[in-house]
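This briefing is meant to be read alongside the sequence and the coordinates. Please keep both in view while going through the grouped points.

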Amino acid sequence: MTFIAKPKLRHPELQRNKHGFTRRDYEGAVSTLCAGCGHDSISAAIIQACYELELPPHRVAKLSGIGCSSKTPTYFLGNAHGFNSVHGRMPSVLTGANLANRDLIYLGVSGDGDSASIGLGQFAHILRRGVNMVYIVENNGVYGLTKGQFSATADRGSKSKRGVENHSASIDLVMLAIELGATYVARGFSGDKSQLVPLIKGAISHRGAAFIDCISPCIAFNNHSGSTKGFDYVREHNEAVNFLDVMTPRDEITADYAPGSVQEIKQHDGTVLRLRKISEDYDVHDRVAAMHYLQKSKAAGDIVTGVLHVDPESPDLHDTLGTVSAPLNSLGKKELCPGKSAIDKFNAARR
Amino acid sequence: MKPTDIASPDYFHKVVDCQWACPAHTPVPEYIRLIAAGKFDEAYSINWVSNVFPGVLGRTCDRPCEPACRRGRVEEKNAEKPEPVAICRLKRVAADNKTNFERLLPSAPEKTNGKKIACIGAGPSSLTVARDLSLIGYEVVIFDQDKKSAGMIRSQIPRFRLPESVIDEEVGYIEGLGVEIKNGVRIDSLQALLEQDFDAVFVGAGAPRGRDIQIEGRAEAAKHIHIGIDWLSSVSFGHVSKISKRVVVLGGGNTAMDCCRTARRLGGKEVTVVVRSGFDEMKASPWEKEDAIHEGIPILNYRVPKRFLHDKGKLKGVEFEIVEVRYDEKGKRRLVPTEDAPEVIPCDEVLVAIGQENAFPWIESDCGVKFLDSGLPKLNPTTFQSTNKKVFFGGDAAFGPKNIIWAVAHGHEAAISIDRLCSGDSVSDRPSPDVNLISQKMGIHEWTYDNDISNDLRNKVPLVDQKIALKDIKVEVEVGFDFKLAMSEAQRCLNCDVQTVFTAPLCIECDACTDICPMDCITFTENGPEKAVRERLTAKSTNTTQDLYVSSALKTGRVMFKDEDVCLHCGLCAERCPTGAWDMRKFYLQTAKAGAACQNAK
Ligand SMILES: Cc1cc2nc3c(=O)[nH]c(=O)nc-3n(C[C@H](O)[C@H](O)[C@H](O)COP(=O)(O)OP(=O)(O)OC[C@H]3O[C@@H](n4cnc5c(N)ncnc54)[C@H](O)[C@@H]3O)c2cc1C
Ligand SMILES: Cc1ncc(C[n+]2csc(CCOP(=O)(O)OP(=O)(O)O)c2C)c(N)n1
Ligand code: SF4
Ligand code: SF4
Ligand code: SF4
Ligand SMILES: [Mg+2]
């Protein structure tokens with residue numbers, strides 16, 4: 001951490017978006033994480049994505065659990081709503097908030113310990129319910145905050161900083177997310193913002209459960225040789241299947257690509273995800289093929305990144321529950337207390 | 001692009017914008033930090049070594065450093081009116097608040113080295129030569145026609161800007177080194193001087209002749225029309241103490257500004273400055289114009305003087321033709337008369353301040369010193385040596401009228417040349433500066449300097465009440481910064497000498513520095529030609545006068561580019577760097593001065 005606040009002065013050429021905000025206006029308090037922590041880069045990517053999408057910060061709700069990763073919402077979008085919940089319990093708090101007010105943009109931030117160990121159950125259920133949100137796991141393979149114990153995403157055979165080998169099998173959160181029905185699934189790397197920022201923008205513009213597994217080296221405890229989550233290892237084994245451009249309805253859509261090399265996916269809000277394929281035979285719509293590809297790559301020691309699965313048409317939790325479309329806090333007494341006759345009618349229907 | 005060679009002293013020197021722009025290369029941020037630490041003697045001393053007249057310059061310097069100051073650029077679009085650090089007036093703070101500078105004052109060697117140097121004129125250039133050379137054992141004699149020394153510092157700059165006590169003090173330090181100043185002695189023949197036993201002669205005679213105006217009525221009304229610089233020196237030496245009620249000042253340079261403000265103090269009630277061209281093209285600095293206007297002096301522009309109106313020699317007014325700017329087919333700017341009727345400004349006296357010229361009637365054509373058509377001596381521009389190898393020029397006498405800080409800078413270089421000549425070394429081989437680059441790290445996030453960035457805007461220097469100021473020419477208009485203002489102003493300095501130094505092999509490309517940098521200075525990207533690279537940096541780089549710091553190739557094949565332009569030197573990049581690839585190192589550069597240590601250096 002640093003002792004001084006980040007200076008208010010900003011580059012004179014910084015552009016303002018339609019709200020009159022520069023990118024700097026999407027920052028939060030200065031980070032208290034270790035110097036060089038991958039999580040700080042992810043915060044910077046979130047800031048960039050929100051600025052580019054011209055989100056009104058006060059319409060965003062940031063929720064997190066416990067861990068270095070879960071601390072990061074303090075370091076971006078200082079003017080958004082925030083809830084730093086209990087270890088592994090971010091998903092249930094987010095689900096509740098979303099049910100109460102579907103108009104906010106929900107950003108769940110978690111760690112591999114928070115989501116794959118103590119919070120694995122919560123992780124599973126929020127995805128299968130299709131809560132409209134972005135769920136980011138800042139995945140460093142360790143419990144950073146408690147000084148570097150292996151987490152459940154640490155690869156079998158990888159070594160701790162002190163040379164101890166991990167004998168347990170690892171949980172692949174991307175595989176789980178596809179399996180559990182998440183409708184936008186991607187993997188990124190904190191060390192490659194040109195890939196990560198569009199992945200976050202795509203997730204924000206997606207309606208439904210969007211999940212990003214972002215590999216994020218822990219400088220203090222998991223960036224040594226023998227680690228499979230350090231900068232060098234990830235760079236060596238990174239295999240991107242595609243490159244994403246996110247085009248909002250405001251952007252001019254240009255077509256300067258060879259036919260067949262690009263796949264365009266129209267999202268619910270009109271945003272277009274343009275995927276430039278790197279791996280020819282990878283189809284983001286085909287869940288089964290995607291899982292097969294991921295398994296094969298994992299066995300080969302590759303870390304597959306990019307957009308891994310998208311289903312732009314699926315319903316979200318509110319659709320399946322048929323909830324009222326307005327946020328609960330906007331309902332008046334009349335709607336909330338419809339009176340005895342309405343209750344009687346309701347009860348009668350259930351007899 | 002090629003990796004930056006940070007071993008070349010120029011690279012980091014350029015980053016210290018103020019020091020680079022200062023003709024004498026004063027280590028500005030170092031003295032500002034010392035002021036902030038309350039070490040006024042030390043702050044003064046750093047100035048004294050570089051610019052010889054900190055008290056004088058802290059009140060009068062033309063301050064080329066300030067337009068260059070990075071603070072002005074970083075406040076762009078961040079503050080209503082972006083302004084540089086008040087570098088000049090902070091110098092005065094050091095001078096005003098020092099308590100015991102003498103303990104830091106070096107002394108001349110007990111025994112002289114047997115070499116004798118003559119300086120003509122006791123202005124800032126000669127005094128600098130004398131100081132530098134006497135400190136290393138030369139015997140220096142200065143000749144000046146005036147009764148007192150300091151040249152135009154004393155004769156021209158009015159007392160309300162510069163009290164005489166400050167001049168006396170700073171000339172005193174130089175006399176204290178054993179320099180002999182012969183006042184009231186005019187040199188009428190260079191030849192005669194060369195025939196004496198001097199090993200070298202320095203000509204610091206200034207540009208003493210004020211340009212006159214030749215229009216109708218000039219001769220007839222001569223009694224009421226004065227050449228500005230002659231009139232100012234008459235005021236300074238007490239020969240003139242009054243002026244009529246209505247005064248017209250012709251000209252728009254700093255002499256005109258001093259003339260009009262002096263006139264206001266000597267009885268001028270309606271003082272008007274009239275310039276031929278536009279207000280914005282005036283030679284005077286913006287702050288000088290502001291000061292004049294503030295004292296109730298109108299500045300009228302686009303008026304060309306045509307005639308002096310008089311009644312049998314008694315001046316009645318000046319007639320002006322009104323002109324406007326036009327561009328001819330070649331795009332050349334011209335002043336063209338308008339249809340408007342001529343304008344008459346009634347007045348009782350006129351001060352002509354339309355320029356200065358050099359004049360060397362006392363230099364014989366056969367003494368080996370050649371002159372150019374412009375009337376200026378033919379000189380080597382780095383050594384200041386004339387075509388007579390024993391004769392050197394500096395200050396206004398070298399390249400025409402400039403200012404004090406340039407005179408000082410010339411003096412330092414001429415002193416080096418003289419020392420090399422007298423030591424039998426090649427005059428054209430120049431000694432390199434003293435350079436030092438030292439890490440400022442004290443702890444994980446602790447630095448020797450205060451890296452927090454102040455948001456204070458430039459502080460205004462308090463003035464004395466105008467009623468009092470206009471009554472007496474000896475009342476100094478500016479009170480100077482008080483302690484609080486001085487501290488606030490000092491904190492505005494960005495410490496541009498504390499450099500961001502990058503060690504490529506240590507970098508793991510984690511992006512931490514890019515993410516934290518408040519000014520988007522740092523980008524990791526593919527290498528390419530400079531123009532293309534500048535286009536694709538995190539923040540588009542448009543100021544090509546500022547360098548890009550380029551690393552060697554990193555592990556991923558990319559390169560680190562840092563745009564020096566608006567770096568705050570806040571050190572956050574170094575604080576966030578997990579491997580110490582970034583470090584904050586203080587770059588201290590002192591230009592070479594005459595002296596044994598550098599005699600044989602290249
Ligand atoms: C009105 C006015 C205001 C100014 N204000 C400023 C200001 O605010 N800030 C600034 O930086 N600059 C200012 N300047 C410019 C500055 O004063 C000069 O650039 C500077 O003094 C030049 O220094 P110098 O060493 O060349 O010699 P000068 O200061 O010109 O001194 C030359 C000396 O040599 C003497 N001399 C000349 N010929 C002979 C001879 N043959 N024998 C003996 N002695 C001789 C002269 O009498 C004089 O004393 C101002 C100039 C004027 C005219
Ligand atoms: C209920 C509960 N159990 C255990 C802990 C101790 N604890 C704090 S953070 C953490 C692990 C965090 O790991 P991860 O989510 O990967 O975050 P990181 O610090 O690696 O970013 C643990 C086990 C806790 N705070 N609360
Ligand atoms: S311990 Fe690891 S995860 Fe936590 S802040 Fe430090 S580097 Fe980041
Ligand atoms: S901010 Fe300070 S160091 Fe930088 S140019 Fe200005 S005065 Fe010099
Ligand atoms: S010192 Fe470093 S972090 Fe601060 S502005 Fe300069 S490059 Fe950016
Ligand atoms: Mg973790």
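**Briefing on the predicted model**

A:I178 is a buried residue, its relative accessible area being 0%.

**Surroundings of A:I178**

- A:I178 lies in helix α6 of chain A, which covers residues 173-180.
- Apart from its neighbours within four places in sequence, A:I178 is in contact with A:V185, A:R287, A:M291, A:L294 and A:H309.
- Although A:I178 and A:L127 are separated by 51 residues in sequence, their C-alpha atoms are 9.1 Å apart in space.

**The magnesium site (ligand 6)**

- The magnesium ion, ligand 6, is coordinated at 2.1 to 2.2 Å by OD of A:D112, OD1 of A:N140 and O of A:V142.
- Along the chain, the donors of this magnesium ion follow the spacing D-x27-N-x1-V.
- A:N140 counts as buried because its relative accessible area, 4%, is under the 20% cut-off.
- A:V142 is likewise counted as buried, with a relative accessibility of 4%.

**The shell around ligand 4**

- The residues that surround ligand 4 are B:D17, B:C18, B:V28, B:P29, B:C69, B:R70, B:V85, B:I87, B:C493, B:L494 and B:C496.
- Two or more residues of this shell are given by each of α2 (17-21) and α3 (28-36) of chain B.
- Sorted by class, the shell around ligand 4 holds nine nonpolar and two charged residues, with no polar residues.

**The shell around ligand 5**

- Ligand 5 has 13 residues around it, of which B:C517, B:C567, B:L568, B:C570 and B:C573 come nearest.
- The class make-up of the shell around ligand 5 is nine nonpolar, three polar and one charged residues.

**Contact between chain A and chain B**

- To the contact between the two chains, chain B contributes 37 residues and chain A contributes 31 residues.
- The area that chain B and chain A bury between them is about 2900 Å², and 54% of it is on carbon and sulfur atoms.
- Of the area that chain B buries against chain A, B:H445, B:D515 and B:R576 supply 20%, which is more than any other three residues supply.
- Five salt bridges are found across the interface of chain B and chain A.
- A salt bridge joins A:K193 to B:D515, with their closest N and O atoms 2.6 Å apart; B:D515 is also one of the three residues named above for their share of the area that chain B buries.

Notes
Residues numbered from 1 in each chain as written. Chains lettered and ligands numbered in written order. Predicted model: local features only at pLDDT ≥ 70, side-chain atom pairs only at ≥ 80, totals over all residues. Heavy atoms only, no water. Near = heavy atom within 4 Å. Nonpolar A, V, L, I, M, F, W, Y, C, P; charged D, E, K, R; others polar. Donors = N, O, S within 2.8 Å, 3.2 Å for Na, K, Ca; no water. Buried < 20%, exposed > 50% of the residue type's maximum accessible area, 1.4 Å probe, protein only. Helix = DSSP H or I, 4+ residues; strand = E, 2+ residues; numbered from the N terminus. Contact = heavy atoms within 4.5 Å. Buried area = accessible area lost by both parts, 1.4 Å probe. Salt bridge = Lys/Arg side-chain N within 4 Å of Asp/Glu carboxyl O.
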